[in-house]
Amino acid sequence: QVHLVESGGGLVEAGGSLRLSCAASETTSRIPDMGWYRQAPGKQRELVALFMNGDTTNYADSVRGRFTISRDNTKNTVYLQMSSLKIEDTAVYYCYARRRLSSGSWGQGTQVTVSS
């Protein structure tokens, strides 16, 4: 599996911004599917934003227009820029990666808490 380490979570007020980082143990340019999921208390893990097949992006409807996924392949890192944060964005955010012809890998998660 790809080893993934998230960082950047924390406490932020509603309307604020955070940037999450996911550092991968392998060259991200060779990982076709990589991005972010989240799991709120009492809810199932859900898609937030992904790179699919390298460049195509896929966003959850609830975050589209507010969150932006990006990557820096020189640093083997994928980012999630979160703006206009809402209380309902509170969750543990997990980095996800899938190598070709393999199942996915998960990071340990980073907590994002949005307060009023």
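Which residues of the largest nonpolar core touch the most other members?

Reply: The model is a predicted one, in which local features need pLDDT of at least 70 and side-chain atom pairs count only at pLDDT 80 or more, while totals for chains, interfaces and linings use all residues. Residues are numbered from 1 along each chain as its sequence is written, and side-chain values use heavy atoms, with hydrogens and water left out.

The residues you ask about are Met34, Trp36, Leu80, Met82 and Tyr93, in a core of 29 residues. A nonpolar core is a set of buried Ala, Val, Leu, Ile, Met, Phe, Trp, Tyr and Cys residues joined through side-chain atoms within 4.5 Å. Buried means under 20% relative accessible area, exposed means over 50%, and partly exposed lies in between (1.4 Å probe, protein chains only). Two or more core residues come from each of the strands S3 (18-24), S4 (33-39), S5 (46-52), S7 (67-72), S8 (77-82), S9 (91-98) and S11 (110-115). A strand here is a DSSP run of E with at least two residues, numbered from the N terminus.

Next come the aromatic rings. A pair of aromatic rings is described by the distance of the centres and the angle of the planes. Rings of Phe, Tyr and Trp (its six-membered ring) pair if their centres lie within 6.5 Å; planes under 30 degrees apart count as stacked, over 60 as edge-to-face and the rest as tilted. The structure holds 3 such pairs. In one of them, Tyr37 and Tyr96 have ring centres 5.4 Å apart and planes at 65°, so this pair is edge-to-face. Tyr37 and Tyr96 are both buried.

Tyr96 also pairs with Trp106: the centres are 4.9 Å apart and the planes at 55°, so this pair is tilted. Trp106 lies in strand S10 (residues 104-106), 10 residues from Tyr96. Tyr96 has 13% relative accessibility and therefore counts as buried, whereas Trp106, at 36%, counts as partly exposed. Through these ring pairs, Tyr37, Tyr96 and Trp106 form a cluster.

A charge sits over a ring if NZ of Lys or CZ of Arg is within 6 Å of the ring centre and within 35 degrees of the ring normal. Arg45 lies over the face of Trp106, at 4.6 Å from the ring centre, and also over the face of Tyr94, at 3.7 Å from that ring's centre.

Strands of a sheet pair through backbone hydrogen bonds, either parallel or antiparallel. Two strands count as paired if DSSP finds at least two bridges between them. S4 and S5 run antiparallel and are joined by 5 bridges, with Leu47 of S5 as the bridge partner of Tyr37. The two strands form a hairpin with 6 residues between them, and Gly42 in the turn has a positive phi of about 75°. S5 in turn is joined to strand S6 (residues 56-59) by 4 bridges, again in an antiparallel arrangement. There, Leu50 has Asn58 in S6 as its bridge partner. The hairpin of S5 and S6 has 3 residues between the strands, and Asn53 takes a positive phi near 55°.
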